[in-house]
Amino acid sequence: MKPINCEMPELLCPAGNMEKLSAAVTYGADAVYLGAGDLNLRSAGAGFQWEELPEAFALTKANNVQAYFCINAYPREKDLDLVKKDLEKLTKCPPDGIIAADPGVIRIIKQFFPSIPIHISTQANTGNSEAAKFWKEFGASRVNLARELCVTDIADIAAKCPDIELELFVHGAMCMAISGRCFLSSWLNDRSANMGRCTHPCRFEYKATGLRVEEKTRPGNDVWETIEEDGHTTFFAAEDLCLIHYVRWLSRLGVAALKIEGRTKSSSYVAQVADVYRAALDAAKTGSALPERTMFELLNTATRPLSTAFFKTSGPSTIAQPPSAEERKPIVARIQEKRGDDCWLVSVKSRWELEKDTEILVPGLKRPAMNAGSYSFETIHGEAVDVIHSGTQALLRTDQPDIMTGYFVRSA
């Protein structure tokens with residue numbers, strides 16, 4: 001394969017808190033997106049405290065990573081003062097760009113930040129070239145296209161908008177509603193998804209009272225079918241998006257950024273997925289083949305089937321099923337800091353026993369082994385133990401040369 005000579009897309013990764021931000025930076029992100037306050041569409045569980053932003057932006061700047069701040073909610077009239085208050089707080093620590101969806105919010109952003117780059121959120125449901133041109137005329141420098149577009153739609157828009165940066169979600173959870181503009185959470189729990197308080201009713205388990213339906217003009221064809229497991233079903237739940245096999249094509253198309261969903265996912269999810277897409281972009285740049293372990297790495301993070309969603313114009317969209325519990329390699333710890341020549345403080349993510357063979361997640365899809373017998377545990381007070389437990393800190397002693405601060409360790 002020939003290398004790609006044009007500028008490569010930016011790898012844009014989620015940062016729901018400082019640990020996830022650090023994971024994204026460590027494993028190859030070119031840029032991160034994050035939020036604080038009540039207007040970033042993840043305010044219920046994946047946002048920074050305002051006082052954390054200086055530290056977050058210092059970390060990104062030190063690593064030459066762009067940081068984009070999300071204020072992509074759709075506020076009602078009563079919320080406009082909150083928009084202004086949040087932007088006032090942001091003036092004390094400006095990001096590299098702001099992600100927004102609502103025209104009124106963008107108008108206010110311009111009053112506080114006349115020259116900051118504005119990126120249009122996928123929530124705006126930009127589905128054609130005229131809409132993209134409208135946003136550029138309105139002052140935006142980048143547009144995240146609607147997730148409902150197919151490959152030919154994306155190619156057509158790119159051809160007609162050569163002077164507009166286009167961004168595309170390539171991996172992660174999808175919403176059953178159009179570009180995430182859903183009202184299920186408001187209806188069931190009085191918490192608006194469009195204000196960042198979604199309770200994800202599409203992921204709830206429901207007990208079916210009707211199993212199968214056919215449409216009047218299609219007799220004999222089951223249009224919708226509900227399949228139960230243990231008496232309940234998640235029939236609203238969409239599959240997860242995965243466009244790893246199209247990274248090279250999107251790079252040649254000139255897409256400005258490939259975006260990973262997942263601010264509410266774990267830091268280990270961010271690390272593994274970022275590592276895969278970084279490797280895929282690097283392979284596209286050099287003309288190399290996609291690394292063999294690519295799909296295993298992505299499936300190891302998956303809890304739902306992986307799909308190309310609307311991207312393909314024909315054929316099945318589902319490309320892989322999540323692994324069974326026996327096939328999965330769970331993350332056991334994250335390396336926090338070095339405490340001596342052969343001693344590391346670790347944050348334990350799941351039960352880790354001394355007899356377990358493990359591997360280190362080294363950026364670049366390297367997975368060097370750290371087998372049982374080559375390491376030992378101590379409590380933070382120095383007492384030797386045979387097992388360490390999730391949610392605790394412990395000391396790991398090993399002379400394994402590949403360990404570094406910020407890396408993850410998982411079962412082999």
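Predicted model: local features only at pLDDT ≥ 70, side-chain atom pairs only at ≥ 80, totals over all residues.
1. Let's start with helix α3 (residues 80-90), where Val83, Asp86, Leu87 and Leu90 are buried. Viewed along the α3 axis, the buried residues sit within an arc of 100 degrees, so they line one face of the helix. The arc is taken from the directions running from the helix axis to the C-beta atoms. Buried here means under 20% relative accessible area, exposed means over 50%, and partly exposed is in between (1.4 Å probe, protein chains only).

2. Numbering runs from 1 along each chain as its sequence is written, and side-chain values use heavy atoms, with hydrogens and water left out.

3. Back to α3: the face turned away from its buried side carries the exposed residues Asp81 and Lys85. What do the buried residues of α3 pack against? They pack against α2 (53-62), β3 (66-70), β4 (97-100) and α4 (103-112), a contact being heavy atoms within 4.5 Å.

4. Now the sheet. Eight strands form an open sheet in the order β18-β17-β23-β14-β15-β22-β19-β20, with antiparallel pairing. The edges are β18 (369-370) and β20 (384-385), each with a single partner strand, so one side of each is left without a neighbour in the sheet. Two strands pair if DSSP finds at least two bridges between them.

5. Strands β19 (residues 375-378) and β22 (residues 393-398) pair in the antiparallel sense over four bridges. Within that pairing, Ser376 stands opposite Arg397 in β22. Helix α9 (residues 267-286) packs on the sheet, touching β14 (331-340), β17 (358-361) and β23 (408-411), and its direction makes about 90 degrees with that of β23. For that angle, axes are lines fitted to C-alpha atoms, for helices over the stretch in contact, and angles run from 0 to 180 degrees between N-to-C directions.

6. Buried residues make up 50% of the 412 residues. Of the contacts with a separation of 6 or more, 66% come from residues 24 or more positions apart.

7. On cysteines: Cys70 counts as buried at 2% relative accessibility, and Cys161 counts as buried at 2%. The structure holds zero disulfides (pairs of cysteine sulfur atoms within 2.5 Å).

Conventions
Helix = DSSP H or I, 4+ residues; strand = E, 2+ residues; numbered from the N terminus.
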